[in-house]
Amino acid sequence: MAVTLEQITSYLEQNDLKYEVDAENQRIITGFQTENIEDFLIVISLGEGGEYLQMLAPQLLTNINDAHAPVLFKALLNLSLQTNMVRWSYDPMGREICATVELPLLDSILTEKQFGFCLEALVRIVDEIAMPRLKTILETGIDPAEEEIGERLLLNLEETYPGSITYIEQALLRRKSLAESPNQQPATENHSSSSNVWQKIWNVVASVKK
């Protein structure tokens with residue numbers, strides 16, 4: 001059983017949500033004011049004669065920095081693994097990140113509870129879970145979730161082997177001292193890469209020790 005624009009607008013009205021109807025393109029535009037997105041627009045579209053429903057949050061992030069893109073895309077894949085329903089996409093032409101929830105209805109009906117659940121999931125996951133993390137990546141090039149994973153690993157290591165963080169810290173200090181020694185040979189590319197890895201570990205150890 002196909003869903004109609006009138007049915008969608010009735011669900012929005014029952015939840016006191018403002019909207020605009022684009023009947024020609026079989027879509028409805030609504031929006032929210034949220035903590036991390038000033039103007040959170042959502043485009044609700046019907047396809048296949050009303051047998052297919054899509055909720056699209058467009059232009060969540062624009063003008064993606066190429067230098068930070070690999071970290072950003074990795075985080076989006078991780079978000080897809082950690083959360084349900086929301087699908088992430090990147091438009092290389094517009095250089096923007098979007099999020100969608102898609103629901104094939106076919107011969108099923110769309111209840112108000114189903115509609116509300118999908119809409120709430122899209123808003124909550126994007127605004128509360130994804131945007132703070134993604135904004136940090138765009139600003140710093142560092143995924144805060146990866147740093148949290150490192151901290152948890154070290155804390156688990158300390159619980160299993162008490163005092164181990166102190167030994168790691170001492171080893172890192174020795175490596176740092178050797179790297180800064182004037183008698184050291186010029187760093188090679190591999191050594192530079194290794195130094196970056198140890199620096200990341202050092203940062204995590206330092207944060208856990210605080």
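Modeller: Before we start, accessible areas here come from the Shrake-Rupley method with a 1.4 Å probe, and the model we are looking at is a predicted one.

Colleague: Let's go to helix 1, then. Which of its residues are buried?

Modeller: Helix 1 covers residues 5–14, and its buried residues are Leu5, Ile8, Thr9, Tyr11 and Leu12. Looking down the helix axis, these buried residues fall within an arc of 155°, so they line one face of helix 1.

Colleague: What about the residue Asp16, which follows helix 1?

Modeller: Asp16 has a positive phi, near 60°.

Colleague: Changing topic, how many aromatic pairs does the structure hold?

Modeller: The structure holds two aromatic pairs. In one of them Tyr11 and Phe115 are tilted, with 5.7 Å from centre to centre and 40° between the planes. Because Tyr11 belongs to helix 1 and Phe115 to helix 3, this pair ties together parts that are 104 residues apart in sequence.

Colleague: Are Tyr11 and Phe115 buried or exposed?

Modeller: Both Tyr11 and Phe115 are buried.

Colleague: And what is the geometry of the aromatic pair between Phe73 and Tyr90?

Modeller: Phe73 and Tyr90 also form a tilted pair, at 5.0 Å centre to centre and with 55° between the planes. Phe73 sits in helix 2 (residues 69–82) and Tyr90 in strand 5 (residues 87–91), 17 residues apart, so that pair links distant parts of the chain.

Colleague: Why do Phe73 and Tyr90 count as partly exposed?

Modeller: Phe73 has a relative accessible area of 30% and Tyr90 is at 29% relative accessibility; buried means under 20% and exposed over 50%, so both residues count as partly exposed.

Colleague: Last one, what share of the contacts between residues at least 6 apart joins residues at least 24 apart?

Modeller: Among those contacts in the protein chain, 59% join residues at least 24 apart in sequence.

Definitions and conventions:
Residues are numbered from 1 along each chain as its sequence is written. This is a predicted model: local features need pLDDT of at least 70, side-chain atom pairs count only at pLDDT 80 or more; totals for chains, interfaces and linings use all residues. Side-chain values use heavy atoms; hydrogens and water are left out. Buried means under 20% relative accessible area, exposed over 50%, partly exposed in between (1.4 Å probe, protein chains only). Helices (H or I, at least four residues) and strands (E, at least two) are DSSP runs, numbered from the N terminus. The arc is that of the directions from the helix axis to the C-beta atoms. Contact means heavy atoms within 4.5 Å. Rings of Phe, Tyr and Trp (its six-membered ring) pair if their centres lie within 6.5 Å; planes under 30 degrees apart count as stacked, over 60 as edge-to-face and the rest as tilted.
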